[in-house]
Amino acid sequence: MTTQNLVRRGEYMWELPKTGEMRVPGWIFVSEALLQPLLSGEAEGEGEGGGGHDWNALVQVRNVACLPGIVRASIAMPDVHPGYGFPIGGVGAFDPEEGVVAMGGVGFDINCGVRVLATPLTRADVEPRKEEVADALFAHVPAGLGSEGKIRLTLPGVDEVLEKGAEFALARGYGLPEDLEYIEENGRMDGADPAAVSLKAKEREFRQIGTLGSGNHYLEVQYVEEVRDPEAARAYGLEEDQILIAIHCGSRGLGHQIGQDSLPELERASRKYGIPIRERELVCAPIRSPEGEKYLSAVFAGINCAFANRQVIAHLVREALAPLFSLPPGKIRTLYDVGHNNVKFERHRVDGEEVRLLVHRKGSTRAFGPGRRENPDRYRKVGHPIFVGGTMGTASYILRGTEEGMEKVFGSGVHGAGRAMSRAKAKRRWRGQELIQSLARQGIVVRAHSYGGAAEEAPGAYKDVDLVVDAAVGAGLNALVAKVRPLVCIKG
Amino acid sequence: MTYEILDHTADAGVRGIGATLEEAFAEAARGTFALMADLDSVRPEGEVAVEAEADTPEGLLVAWLGELLRERDVRGMLFSRFEVHIVGRDGAWRLSGRAWGERIDPRRHRLGVEVKAATYAGVRVERTGDGWIAQCVVDL
């Protein structure tokens with residue numbers, strides 16, 4: 001694909017015009033700098049990974065635009081890069097009667113997302129005790145390949161997790177009742193049906209509830225470097241130098257298995273309902289079909305699994321940190337918890353009319369703007385916060401939803417920097433131990449369960465998160481509230 | 001017979017190479033677990049039986065690797081040795097395999113990154129000059 005296919009619509013917006021079998025145009029919200037790697041495919045490893053299959057995010061934007069019942073546009077957020085079926089950073093909203101639910105729009109790590117805890121501590125409290133903080137979190141929060149959670153579940157227990165989400169963890173004594181108000185969907189997704197989830201998937205959760213996982217999942221102690229939107233920061237209770245804790249993880253093996261089970265089922269459904277399969281991971285089923293309904297019930301259950309996992313981990317973080325600083329655990333509050341691999345029924349305005357849509361966000365968070373009733377009371381006026389993860393060495397950002405974002409991208413937000421270099425290349429370039437030492441010299445204490453894993457997550461292997469945030473804010477999709485910096489990072 | 005890890009921006013590709021289709025599948029499994037640990041450190045002590053079926057050889061590869069990842073989670077094990085038997089004809093492919101390994105031990109296994117899933121991206125199962133390859137991208 002080349003620039004000739006794209007029409008510039010603004011400084012941060014490009015349109016892939018509706019041609020051929022596309023039902024809507026593609027809208028790509030990137031700056032010129034972020035567009036280049038998408039066009040060349042070079043930074044995306046085209047021709048290398050997967051034996052040279054054509055792996056291009058813009059082709060994926062076009063493929064999604066061809067799906068039945070898609071509304072307004074196939075959307076690529078500023079952190080777009082190639083994914084499975086949908087691009088990562090892809091948003092697609094579908095008419096609930098005519099439309100489809102597509103597995104590629106959710107991915108394997110269902111409701112992977114970020115919970116941020118706000119503490120009353122300041123940078124000065126933590127700076128001299130970073131090593132101690134890192135050791136306490138590393139020891140107390142299970143992470144890394146093969147780690148096992150503190151709770152052991154049996155089948156009825158997993159069913160309860162799938163039905164009740166964060167409420168399950170709360171009922172077992174993990175967390176505080178006030179956490180629920182600050183979790184998307186209040187930590188419990190409606191429409192979840194444990195019966196739609198296979199036994200194979202459920203077995204994978206027996207030992208894994210409350211574990212962080214590995215790869216790009218992390219636990220980070222951060223400080224607020226700069227507040228850029230005082231009104232929103234006030235609503236969120238954020239101040240400069242304040243210590244926050246970010247937890248990034250998802251639905252673990254259970255979510256992955258739902259994906260694995262659904263892939264062949266939805267492939268058959270695509271054939272049965274005559275929907276062309278343009279990429280093997282872009283299989284789908286009509287929303288109003290037994291196959292579509294089953295997949296949605298399973299995904300909603302997977303969403304609850306991730307909410308429960310993050311609720312348990314949040315509790316473990318409190319257990320590790322509160323005694324160190326003689327804090328009552330209740331002083332470490334949930335700022336917000338929001339997923340970035342989800343599909344949900346939501347109400348949006350389309351052509352001046354409020355309609356119900358099924359919105360897929362693959363590598364994109366929900367980012368509801370001011371006034372939405374789904375937002376917690378305290379945040380309703382300003383929109384809810386979203387968290388844009390940087391890398392171990394760079395800044396992360398707290399943004400918020402905007403009116404313009406509601407109008408253009410169904411209230412969606414960016415979620416991270418996105419990789420620019422393959423893991424194998426990163427591993428050849430950096431050695432885990434040296435990387436950790438060099439970050440320590442910059443004042444960032446890293447504890448990793450795998451040195452190789454840490455090398456793969458080297459900051460230099462990611463795109464510049466600042467460019468992603470500039471584009472999201474420049475396009476008006478999200479607004480900048482605060483910039484945060486890491487002090488301690490725990491990698492799985 | 002051997003395996004290769006293929007470069008991929010976000011994730012990684014694994015390619016099993018063997019004299020037979022079965023050997024290529026076994027090597028693809030070794031490639032997948034090589035991403036997670038140093039295979040030489042994983043002792044083939046415990047044995048697990050794995051069954052998989054699919055409409056196509058490609059689907060069978062994705063299902064086989066998926067089943068091994070599931071066994072990893074359920075049993076808390078890593079595997080380093082694999083044996084595969086495949087019966088297939090049009091539209092009905094079946095695999096019965098065995099995997100040998102041991103419980104995950106972070107102190108001894110030099111762990112890498114957890115593979116989340118095997119995917120259809122870049123999937124290829126085909127005859128080459130004098131053997132077979134079986135490959136796909138795995139989600140990390």
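Predicted model: local features only at pLDDT ≥ 70, side-chain atom pairs only at ≥ 80, totals over all residues.
Two residues are in contact here if their C-beta atoms, placed from the backbone, lie within 7 Å.

**First stop: B:L61**

Select B:L61 in chain B and show its surroundings. Leaving aside residues up to four places away in sequence, B:L61 touches B:F25, B:A28, B:V123, B:V125, B:A134 and B:C136. Within the largest nonpolar core, which has 222 residues, A:C284 and B:L61 are the members that touch the most others. To see the element that gives the most to this core, select helix 10 of chain A, residues 290–321, which provides 17 residues.

**Second stop: chain B as a whole**

Colour chain B by secondary structure. Chain B holds 2 helices and 8 strands, and from the N terminus on its elements follow the order β-β-α-β-α-β-β-β-β-β. Along the principal axes, its C-alpha trace spans about 45 × 35 × 25 Å. A compact globule of 140 residues would have a radius of gyration near 14 Å, and chain B, at 14 Å, agrees with this. Buried residues account for 60% of the 140 residues in chain B. Of the contacts in chain B between residues at least 6 apart in sequence, 64% join residues at least 24 apart.

How many residues of chain B are in contact with chain A? There are 33 of them, and they meet 43 residues of chain A. On the side of chain B that touches chain A, the elements giving two or more residues are strand 1 (2–6), strand 2 (12–18), helix 2 (57–75) and strand 8 (132–139) of chain B. Select helix 2 of chain B next: with 5 residues, this helix gives the most to that side. Colouring this side of chain B by residue type shows 16 nonpolar, 10 polar and 7 charged residues.

Chain A contains 15 helices and 19 strands. Its C-alpha atoms fill a box of roughly 65 × 50 × 45 Å along the principal axes. For 492 residues, a compact globule would have a radius of gyration near 23 Å; the 21 Å of chain A agrees with that. Of the 492 residues in chain A, 62% count as buried. Among contacts in chain A between residues at least 6 apart in sequence, 76% link residues at least 24 apart.

**Last stop: strand 19 of chain A**

Select residues 478–491 of chain A, which form strand 19. Is this strand largely enclosed or largely open? Of its 14 residues, 12 are buried, so strand 19 is largely enclosed by the rest of the structure.

- Strand 8 (residues 218–227) pairs with strand 19 in the antiparallel sense over 9 bridges. Select A:E220 to find its bridge partner in strand 19, A:C489.
- Strand 16 (residues 396–401) is also antiparallel to strand 19, and the two pair over 6 bridges. Here A:Y397 stands opposite A:K483 of strand 19.
- Strand 18 (residues 445–448) pairs with strand 19 in the parallel sense over 4 bridges. Select A:V445 together with A:V488, its bridge partner in strand 19.

Terms used:
Residues numbered from 1 in each chain as written. Chains lettered and ligands numbered in written order. Nonpolar A, V, L, I, M, F, W, Y, C, P; charged D, E, K, R; others polar. Rg over C-alpha atoms; globule rule 2.2 N^0.38 Å. Buried ≥ 20, exposed ≤ 12 C-beta atoms within 10 Å, placed from the backbone. Core = buried A, V, L, I, M, F, W, Y, C linked by C-beta atoms within 7 Å. Pairing = 2+ DSSP bridges.
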